[in-house]
Every structure is written in C-alpha cells, then in structure tokens.
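Here are my notes for your first look at this one. Have it open beside you and go through the points in order.

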Amino acid sequence: MTEWTAVERVDGISRRDFYGEYVTKGRPVVVRGMMSQWRALDWGVDYFRQHTSPAPLGVKKGNVAEGRREQVTLAGYTEALEAYEAGLEGGEPVEMPGYLHDVPLFRSFPDLVRDVQPFPSDLLPSWYRRNWPEYVQYFMGPTGSVTPLHFDTLLTNNLFFHIAGRKQFTLIPAGQRKICYTYGWRWARFDPTAPDYQKFPRSTATTPVTVVLEPGEVLYMPPGTLHHVRNLSMTISFNIDWHTAASALSGMASVLRGAPLKNGYYNALSFAGVGIGIPSQYVFPLYKSYLTYVS
C-alpha cells in the first residue's frame, strides 16, 4: 500500500513541478505564497456581515456526514458564529451554529471573486480555467467543527485554499480505504484522531499523516485521499474538485466498485470535457447540480 510519512511544504510551485512531482505521483503537498496578494486574507465575520444579500446558504447542523441542512443568510450565520466564538472564549455554553460546508459561494456572491486574485488557474487543467469560480465550494465554521474521515465522492483531485484560522487535516492514502471501514461509499467509521483498534482492528495498518493549515496555504490532495478535518479555530476556506482525463476515467469505473450511479454520470460529464474536449459551456449546465449533490 502507498504510505506517506509527511506532507511536504513548498514555497510556490510551477505547473510542471505540480504535475510532475505530485499529481502524477499521487502525493499531497502544501504550497505557500500563492495567496499572498489576496484581499481574501482579510475575510472574517466583520467582512461578511456587510453582505446583506437574502440569498440562502445551507448550513450543516449536527454530524456533517449525517446531519440536517438549514437555510441561512451569510450575514445571519456570521452573527451566530461570532456569538459562539465569544461564548467559547468566555467559557459560556453557547449552541454551535453549524458549519457552512460545501457551499457554492461565488455563485451567490460573484463579486467576491475579485478578492482571490491573482488566482493560480494554471494549476488546473485548461478545461476548467475559464469558469473556475463555478466549481468552488466554500467552508466556514466554528472552533471544534469536525468533518469525519471520508474521501471526495467523485474521486477528484482537490485543491484546498485556506484563508483564515487554523485547520487540521489527517490524511490517509486512497489505497487504504478498505481498512478504514467505509460506508455509504465515501464515509469511514474509523477515526484516525481517536483510533479504536479493538473496534476496528484492520485499521492498525493505516498510516495517517497530519498537517495543520495556516492562512494563505494551499493543500493538494490526490484522488481518493481519505481526510479527517478539524477546526482548531474559526476558519474560512474553499476548494475546487477537478479531474484529469485519467482520474475522470477512474471515477467512471468507480460505479463498478460501489459508487452511486449518479457519480458515474458526473464523472462522464467531466471526461467529456477534460478527455474529449467538449467546451465547458455545453457541459457545465448539466454538471452544476453536482455542487448541490455533493453537499
């Protein structure tokens, strides 16, 4: 099985090195410096309180894997988040406000794209570059929020852009999925941050590695990487899931290994773009429902 002993950190990266050393070899990496000019590094509750749009966003309540989703406005959520963090700091019991998780932020607030410039779109396959904001999923959550061990459902590559706070990732290579006691296709019963080897004896063979993201760092995760995520403080991040032709083909074949049939549909659409070259304006209208499906 593939093993990682650590996640390398590099200061900047070229497209050639990104693909040659990490994407092709299936290795995670943290890249520093790509976001140094972003105004988004100033994002926080005060910034988002100014966005009074009534556009509803889905906040996850309870367990991220199984919890319910409630509709909130961005301004309303940031007020609840601020109250929770203040109560936590003061030692007062305050109800956790839930987690804005996998939200297509730039669809609701397209003006925010100006705050993430220059964007390193050259790291994406050319098919994604023109409309990359359409593929963004946004995360904003309180101290202590946890996303249990899982992998990205379409077996995509993942570029994760961390903007505010500190966020801990525990990563396990894709080849170790069967010893993580997965269920519902992409979720795992095993918790690598509090391992119970009596209950999950096969998981003793896993080789988890932990990396803590600081503001301005970008994490690359290869397709199928299992990851457990914990907020060490209030955090703001977003990611882009994307395919190469090879990963799209692998994703299409995943329906033979237990993936939902709908996954095959979305992966086939991705292959139509990155593999065959059908322009995104014809594919994305069919694909964009994935951004709700994954939530």
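1. You'll find Pro142 in the loop between strand E6 (136-141) and strand E7 (146-150). Helices (H or I, at least four residues) and strands (E, at least two) are DSSP runs, numbered from the N terminus.

2. A word on the source: this is a predicted model, where local features need pLDDT of at least 70 and side-chain atom pairs count only at pLDDT 80 or more, while totals for chains, interfaces and linings use all residues. Residues are numbered from 1 along each chain as its sequence is written, and side-chain values use heavy atoms, with hydrogens and water left out.

3. What is Pro142 in contact with, leaving aside neighbours within four places in sequence? Its partners include Tyr77, Leu81, Tyr84, Met96, Pro97 and Met234, contact meaning heavy atoms within 4.5 Å. Phe18, by comparison, is 32 Å from Pro142, C-alpha to C-alpha, and 124 residues away in sequence.

4. Phe18 takes us to helix H1 (residues 15-23), where Phe18, Tyr19, Tyr22 and Val23 are buried. They sit on the same side of H1 because they cover an arc of only 110 degrees around the axis, judged by the directions from the helix axis to the C-beta atoms. Their cover includes strands E1 (8-11), E2 (29-32), E8 (157-164), E13 (217-221) and E15 (235-242).

5. Helix H6 (residues 245-253) has its own buried set: Ser247, Ala248 and Gly251. Here the arc is only 105 degrees, which puts them on the same side of H6. The buried residues of H6 pack against E8, E15 and H7.

6. Now the largest nonpolar core, which has 58 residues; such a core is a set of buried Ala, Val, Leu, Ile, Met, Phe, Trp, Tyr and Cys residues joined through side-chain atoms within 4.5 Å. Trp43, Phe106, Tyr138, Phe238 and Trp242 have the most contacts inside it. Not counting residues up to four places away in sequence, Trp43 touches Phe48, Leu105, Phe106 and Tyr138, among others. Another core lies apart from that one, with 16 residues, including Phe169 and Met221.

7. Last, have a look at Ile278, in the loop between helix H7 (261-274) and helix H8 (280-287). With 34% relative accessibility, Ile278 counts as partly exposed.

Definitions and conventions: Buried < 20%, exposed > 50% of the residue type's maximum accessible area, 1.4 Å probe, protein only.
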